[in-house]
Amino acid sequence: MNARQTFDSISIIFNPNSTGDAPKLAKELEEKLRESLPYPAEVELRPTDHAGHAVELARTAADRGGKVLVISVSGDGGYNEVVNGVMASSNTDAVCAVLAAGNANDHHRVISRQPLAEAIAEGAVRRIDLLQITVEAGADTESVYAHSYIGFGLTPIVAIDLEKGSKGAFKEMFTVVRTFAKFRPFEIRQKDGKRRRFDSLVFANISQMAKYATLSEADDDASDGKFEVVTFAHQAKWRILLRALRATTKGLGDQPSTDYYEFTTLKPIPYQLDGEVRSAPANVLVKVRSVPRVLAVVG
């Protein structure tokens, strides 16, 4: 059952230099909340000024203590920063929300239940799972969270090339085709010691990604304590294209789910975390686990 919650403070985090309409949407949301909230609350706009700044702003907002709501006006990547900032705080009463304002808004599209200002006024708070990835690289070991998916292989490679180029439907399609043509598979060593080659390996907390693809038949609740493991074993490229086409039309159907997955890298591998690209070094253990109902959200 959803909790009905009021908030002492609401921080709206956005990128003022966004190529989209984040500044406009953030200002409109601030005005709506000041008009529609049935109780007094401090509402503030918090613009970012550099990459990763949303993590700092979100943690600072949550660290104030009390019933805090931290909103990201962004796409999936910006919301990932806000989620990780809130998770770095010790404030267990902090709540997150996202107002879609990016090129990829998979999380909002799948998870959202009602208009954000309305949900905040009603205090419609619920809890969802997060994915946590730990890359064990000695002194550089790092654990971070993902609200939607973690992808190795083709997905981060495409994302890197998209980031280098201009966005837009035609240009995105051209970039995907160009990247796919020169893509090579990657190899990992699984927990049982066997080596396997993949074209793509995705750990999914939601059923859709990349605006068009339906990865699984999992429900959209994101609070079952598990994630789907979507694998594209290495195969002829025409077969990959057929499966990708199926994902964008009929969907990939039921996929295996688990609460934990681990493997060892054999070479450096880029990976995509809610749309943001990172890299895992060679010969390190990578652990992915579900953290059940750890994040309070509204919307």
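**Burial, packing and contacts**

Mentor: Start with D274, which counts as buried because its relative accessibility is 0%. The model is predicted, and that applies to each value below.

Trainee: Where is D274 found, and what is phi of D274 near?

Mentor: D274 is found in the loop between β16 (269-273) and β17 (276-280). The residue is not a glycine, yet its phi is positive. The value of phi is near 50°.

Trainee: How many helices and strands does the protein chain have, and what percentage of its residues is buried?

Mentor: The protein chain has eight helices and 18 strands. Its length is 299 residues. The buried share of these is 49%.

Trainee: Which element supplies the largest share of the largest nonpolar core?

Mentor: The largest nonpolar core has 26 residues, and those with the most contacts inside it are I10, L33, I71, V73 and I120. At least two residues each come from β2 (9-14), α1 (22-36), β4 (68-74), β5 (95-100), α5 and β18 (285-298). The largest share is five residues, and the element supplying it is α1.

Trainee: How many residues are in the other core that lies apart from it?

Mentor: That core includes A54, A61, V83 and I128. Its number of residues is 25.

Trainee: Which residues does I71 touch, not counting residues up to four places away in sequence?

Mentor: I71 is one of the residues with the most contacts inside the largest nonpolar core. With residues up to four places away not counted, I71 touches I10, S11, I12, I13, L29, L33, A97, L99, L116 and I120.

Trainee: L116 and I71 are 45 residues apart in sequence. What is their C-alpha to C-alpha separation in space?

Mentor: L116 is found in helix α5 (residues 116-122). Its relative accessible area is 10%, so L116 is buried. L116 touches I71, along with L29, A97, V98, L99, V298 and G299. The C-alpha atoms of L116 and I71 are apart by 9.7 Å.

Trainee: Are helices α2 and α3 parallel or oblique?

Mentor: Two packed helices are described by the angle between their axes and the distance between the axes. The axes of α2 (residues 53-63) and α3 (residues 76-87) come within 7 Å and cross at roughly 40°. Because of that angle, the relation of α2 to α3 is oblique.

Trainee: Is the crossing of α2 and α3 left-handed or right-handed, and how do the contact residues divide?

Mentor: The crossing is right-handed. On α2 the contact is made by H53, A54, V55, A58 and R59, and on α3 by E81, V82, N84, G85 and V86. These residues divide into five nonpolar, three polar and two charged.

Trainee: Why does T48 count as buried?

Mentor: T48 sits in the loop between β3 (42-47) and α2. Leaving out residues up to four places away in sequence, T48 touches I13, F14, N15, P16, H53, A54 and L57. T48 is buried because its relative accessible area is 11%.

Trainee: What is the distance in space between D63 and A94?

Mentor: D63 is found in helix α2 and is partly exposed, with a relative accessible area of 43%. Not counting residues up to four places away in sequence, D63 touches S89 and S90. D63 and A94 are 31 residues apart in sequence, and from C-alpha to C-alpha the distance is 8.6 Å.

Trainee: Is R195 buried or exposed?

Mentor: R195 lies in strand β10 (residues 195-204). Leaving aside neighbours within four places in sequence, R195 is in contact with E187, I188, R189 and L266. The relative accessibility is 53%, so R195 counts as exposed.

How values were computed: Residues numbered from 1 in each chain as written. Predicted model: local features only at pLDDT ≥ 70, side-chain atom pairs only at ≥ 80, totals over all residues. Heavy atoms only, no water. Helix = DSSP H or I, 4+ residues; strand = E, 2+ residues; numbered from the N terminus. Buried < 20%, exposed > 50% of the residue type's maximum accessible area, 1.4 Å probe, protein only. Contact = heavy atoms within 4.5 Å. Axes fitted to C-alpha atoms, helices over the stretch in contact; angles between N-to-C directions. Parallel < 35°, antiparallel > 145°, perpendicular 65-115°, else oblique. Left-handed = near helix turned anticlockwise from the far one by under 90°. Nonpolar A, V, L, I, M, F, W, Y, C, P; charged D, E, K, R; others polar. Core = buried A, V, L, I, M, F, W, Y, C linked by side-chain atoms within 4.5 Å.
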